[in-house]
Amino acid sequence: MKRQTLVFAMLALSFLAVAPSASAQLMAAKDGPVVYGHHHLNVTNIEEQKKFFVNALGGTAIKVGTNNTEIVKFPNVLIFFRQQAPTGGSKGSTADHIGFSVPNLRAVVDKIKAGGFKMVTQSEAPAGRQIKDDIALSPQPGGAAIAFAMGPDEVKVELVEAKEQTAPIQLHHIHFFGQRNTEMRAWYVKTFGAKPRAANPAAVFVTADLPGVALNFTPTPDPVVGTQGRAVDHIGFEVKNLEAFTKKLESDGIKLDRPFTKVAALDIAVAFVRDPWGTYIELTDGLDKIR
């Protein structure tokens with residue numbers, strides 16, 4: 001392992017060392033052997049990221065680790081920050097954007113704009129949607145309206161309106177872009193047990209579901225790069241019995257970037273892998289149980 005990768009992995013471990021109340025946010029962890037856990041961002045300014053994710057989007061800042069590093073929690077996902085300027089935004093990488101659902105899209109869009117952050121719905125919304133005041137209306141009656149914001153360090157965020165939702169905001173999806181999107185979905189189905197969703201003729205992407213999150217895959221003619229070093233450096237899955245899971249990965253021919261590592265005092269384990277298109281992935285076991 002390169003020294004930079006090792007240092008980064010150890011930073012990730014230190015961030016996970018103490019996470020008060022984090023378990024309450026990974027509500028889907030009880031629902032399956034693999035669920036979504038966290039996003040890990042490279043950032044130039046943590047305070048600016050907090051203004052976006054906490055003040056504008058409504059996440060909760062909590063302190064973790066021996067140095068009281070702050071992360072942000074939302075229902076079903078934790079967001080970790082690494083103080084390092086990214087090599088580029090999320091757009092242009094395999095993890096094009098992260099998605100949240102909200103019951104009142106208009107209110108959230110207005111709050112984002114009031115905080116001085118950019119709405120990019122006009123340029124990022126799929127074709128065929130009428131756009132009104134930074135919100136892309138559904139092309140189908142009763143469908144969900146969406147909007148796109150660009151956070152600090154060019155972290156692209158989609159907001160999906162779910163009027164029946166009781167939580168003010170929660171994890172909705174991760175959206176991957178690639179030239180072989182159906183093959184990408186098949187890999188996540190085989191590797192993590194995601195459930196492929198029936199094809200929607202109106203959708204330009206294909207989807208697979210894990211508890212608490214949709215994994216969306218859009219075809220793009222443009223080449224994309226892997227995530228490591230970008231604004232969304234890696235994504236994270238919480239896995240029950242990670243040691244056995246990593247052995248299965250290796251038996252399936254999947255190379256571990258970081259092998260199974262157990263933190264005995266905290267009963268946490270981690271490992272790192274990449275998908276075939278360069279998405280950097282952290283696997284954790286115990287993140288949902290930390291008190």
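This is a predicted model: local features need pLDDT of at least 70, side-chain atom pairs count only at pLDDT 80 or more; totals for chains, interfaces and linings use all residues.
Two or more lining residues are contributed by each of helix 4 (121–124), strand 9 (146–151), strand 10 (155–161), strand 11 (170–178), strand 13 (206–210) and strand 14 (213–219). Strand 14 provides the largest share of the lining, with five residues. Classified by residue type, the lining of this pocket consists of 19 nonpolar, 13 polar and seven charged residues.

Across the whole structure, 15 aromatic pairs were found. In one of these, F52 and F117, the ring centres are 5.1 Å apart and the planes stand at 75°, so the arrangement is edge-to-face. F52 belongs to helix 2 (residues 46–56), whereas F117 lies in the loop between helix 3 (105–114) and strand 6 (118–119); the pair therefore ties together parts that are 65 residues apart in sequence. F52 and F117 are both buried.

A tilted aromatic pair is formed by F176 and Y188, with 5.0 Å from centre to centre and 35° between the planes. Because F176 is located in strand 11 and Y188 in helix 5 (residues 181–192), this pair ties together parts that are twelve residues apart in sequence. F176 has a relative accessibility of 0% and therefore counts as buried; Y188, also at 0%, is likewise classed as buried.

How values were computed: Residues are numbered from 1 along each chain as its sequence is written. Side-chain values use heavy atoms; hydrogens and water are left out. Helices (H or I, at least four residues) and strands (E, at least two) are DSSP runs, numbered from the N terminus. Ala, Val, Leu, Ile, Met, Phe, Trp, Tyr, Cys and Pro count as nonpolar, Asp, Glu, Lys and Arg as charged, and the others, Gly among them, as polar. Rings of Phe, Tyr and Trp (its six-membered ring) pair if their centres lie within 6.5 Å; planes under 30 degrees apart count as stacked, over 60 as edge-to-face and the rest as tilted. Buried means under 20% relative accessible area, exposed over 50%, partly exposed in between (1.4 Å probe, protein chains only).
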